[in-house]
Amino acid sequence: GAFVFGSGLAIVPFLYGGVVKDFQWLNEQQFLDAVAVAMITPGPVVITVGFIGYLVAGFWGAVVAAVATFLPCYLFTVLPAPYFKKYGKNPAIRAFVDGVTAAAIGAIAGAVMVLGKRTLTDIPSVVIAVSTAALLFKLKKLQEPLVIGAAALIGITIKLI
């Protein structure tokens, strides 16, 4: 939870390394399914940890995973929030925030690499990904749930053919 700066996707490379590579609690497909479920549910993407915790150890695994992930975020952002306003202009604080922002961008890029390497395995999935990216860049106000639904329908149709 302490590494989830910028986006819940920032935690994906860490989760992948621990859950799939190090401890082998889930295989790659189960991990991708867990991330996909988290991305289509309302709320933060980092809820992936709750789903993974549930897959690994049931209800209590989900509880422990969620608390271990969300508690540091709460402690590092909500509790000191009044002080951020007061000391936010301090050059050292600004440098820290700039550094964390750069690290978050790197972690999110890492997530893209982890997920892309494991999901873009055939021509139809690459075509869907490239088309989706093009649509999102071209039509800035396009709602993500519509894009996800359309891509899911296209993917299901391709698999059925």
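This report walks through the helices, the core and the aromatic pairs of a predicted model.

Residues are numbered from 1 along each chain as its sequence is written, and side-chain values use heavy atoms, with hydrogens and water left out. In this predicted model, local features need pLDDT of at least 70 and side-chain atom pairs count only at pLDDT 80 or more, while totals for chains, interfaces and linings use all residues.

## The whole chain

Let's start with the overall picture. The protein chain has 7 helices and 0 strands, where helices (H or I, at least four residues) and strands (E, at least two) are DSSP runs numbered from the N terminus. Along the sequence, the pattern reads α-α-α-α-α-α-α. The C-alpha atoms fill a box of roughly 60 × 40 × 25 Å along the principal axes.

Of the 161 residues, 27% count as buried; buried means under 20% relative accessible area, exposed over 50%, and partly exposed in between (1.4 Å probe, protein chains only). The accessible surface comes to about 10900 Å², and 74% of that surface belongs to carbon and sulfur atoms. These areas come from the Shrake-Rupley method with a 1.4 Å probe, and for residues only the protein chains shown count as cover.

A contact means heavy atoms within 4.5 Å. Among contacts with a separation of 6 or more, 51% join residues 24 or more positions apart.

Now look at helix α1. Its buried residues are Val12, Leu15, Tyr16, Gly18, Val19 and Val20, and they pack against α2, α3 and α5 (91-119). After α1 comes Gln24, which has a positive phi near 55 degrees.

Which residues have the most contacts inside the largest nonpolar core? They are Val12, Leu15, Phe31, Ile52 and Leu115, in a core of 19 residues. A nonpolar core is a set of buried Ala, Val, Leu, Ile, Met, Phe, Trp, Tyr and Cys residues joined through side-chain atoms within 4.5 Å. The elements giving two or more residues to this core are α1, α2, α3 and α5, and the largest share, 5 residues, comes from α1.

Two residues show such contacts one by one. Leaving out residues up to four places away in sequence, Ile52 touches Leu15, Val19, Leu26, Phe31 and Ala34. Thr48 sits in helix α3 (residues 48-78) and is buried, with a relative accessible area of 1%. With that sequence limit of four places, Thr48 touches Leu15, Ala34, Val35 and Ala38.

## Aromatic pairs

The structure holds 3 aromatic pairs. Rings of Phe, Tyr and Trp (its six-membered ring) pair if their centres lie within 6.5 Å; planes under 30 degrees apart count as stacked, over 60 as edge-to-face and the rest as tilted.

| Pair | Centre distance | Plane angle | Type |
|---|---|---|---|
| Tyr16 and Phe31 | 5.4 Å | 70 degrees | edge-to-face |
| Phe23 and Trp25 | 4.8 Å | 15 degrees | stacked |

Why does the pair of Tyr16 and Phe31 tie together parts that are apart in sequence? Tyr16 lies in helix α1 (residues 12-22) and Phe31 in helix α2 (residues 28-40), so the pair links parts 15 residues apart in sequence. Both Tyr16 and Phe31 are buried.
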